[in-house]
Amino acid sequence: MKFLSFLSFLSLLIGFAACNEAVSHTAPAVNDRDSASMMVSYGVNTLISDSGVIKYRIVTERWEVNTVKTPSRWIFEKGIFMEQFDKAFNIEGYIQADSAWYYDQQKLWELRGRVYIRNVNGLIFRSEELFWDGIRHEFYSHKFSKVVTPERTLEGTYFRSDEHMTHYEVTNSVGSFESEDMESQESSDNQQPAAASQSPAPADTMPKAPVRQAATRHKATTKPNY
């Protein structure tokens, strides 16, 4: 009897110890490194240099750098405001967008949302999409875009320009011009032979630009399609 009582007591002690033993809770290892960013910064106001020369100021609420994604990129999902400087550190213009991605290996900016650009010449650009190719040094967009200058207003579904927004073109467009522009156009039309006026105007065959376009010379003027 005493031996049985001792066994019962020992069983109770073992059960009590087992109930109070600490349990280690572990989570599975994180193997998807594609979601891990190298850097995330908040409330950013910084200067960016290129080849030792300060060229841009970036202001953003959130800046994420991910070198694991393919291609690697900077991410500005909370919006971005960027000033562009010349060599004398004078402001050439500024760019604003609801969100942006910079693919650093390709030197390519992708701006989305309410994209707004203004330069020192008074040109204003608005669209929902804009690509900025740092290798070709040009802007382009396949979305509806609006360009406003002191002389004219243009709207179209395809836009391409040099990096300084001084030479640009808009296709599939409508626009308003000053009366001098229209009189100059009418004068040139009246000088053409009668046979030429009967020929149909060539169709707009401007191809849409790929992410990496072939190097082209930008046109200084834009003619709308009516």
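Trainee: Which residue in S7 stands opposite Ala100?
Mentor: This is a predicted model, in which local features need pLDDT of at least 70, side-chain atom pairs count only at pLDDT 80 or more, and totals for chains, interfaces and linings use all residues. Residues are numbered from 1 along each chain as its sequence is written, and side-chain values use heavy atoms, with hydrogens and water left out. S6 and strand S7 (residues 108-119) run antiparallel and are joined by 5 bridges, where strands are DSSP runs (E, at least two residues) numbered from the N terminus and pair if DSSP finds at least two bridges between them. In S7, the residue opposite Ala100 is Leu111.

Trainee: How many residues of strand S6 are buried?
Mentor: Buried means under 20% relative accessible area, with a 1.4 Å probe and protein chains only. Strand S6 (residues 99-103) is mostly covered, and of its 5 residues the number buried is 4.

Trainee: Which residue stands opposite Trp74 in S6?
Mentor: Strand S3 (residues 73-76) runs antiparallel to S6, with 3 bridges joining them. The residue in S6 opposite Trp74 is Tyr102.

Trainee: Why is the pair of Tyr102 and Trp109 tilted?
Mentor: Rings of Phe, Tyr and Trp (its six-membered ring) pair if their centres lie within 6.5 Å, and planes under 30 degrees apart count as stacked, over 60 as edge-to-face and the rest as tilted. Because their ring centres lie 4.7 Å apart and their planes stand at 35 degrees, the pair is tilted.

Terms used. Buried < 20%, exposed > 50% of the residue type's maximum accessible area, 1.4 Å probe, protein only.
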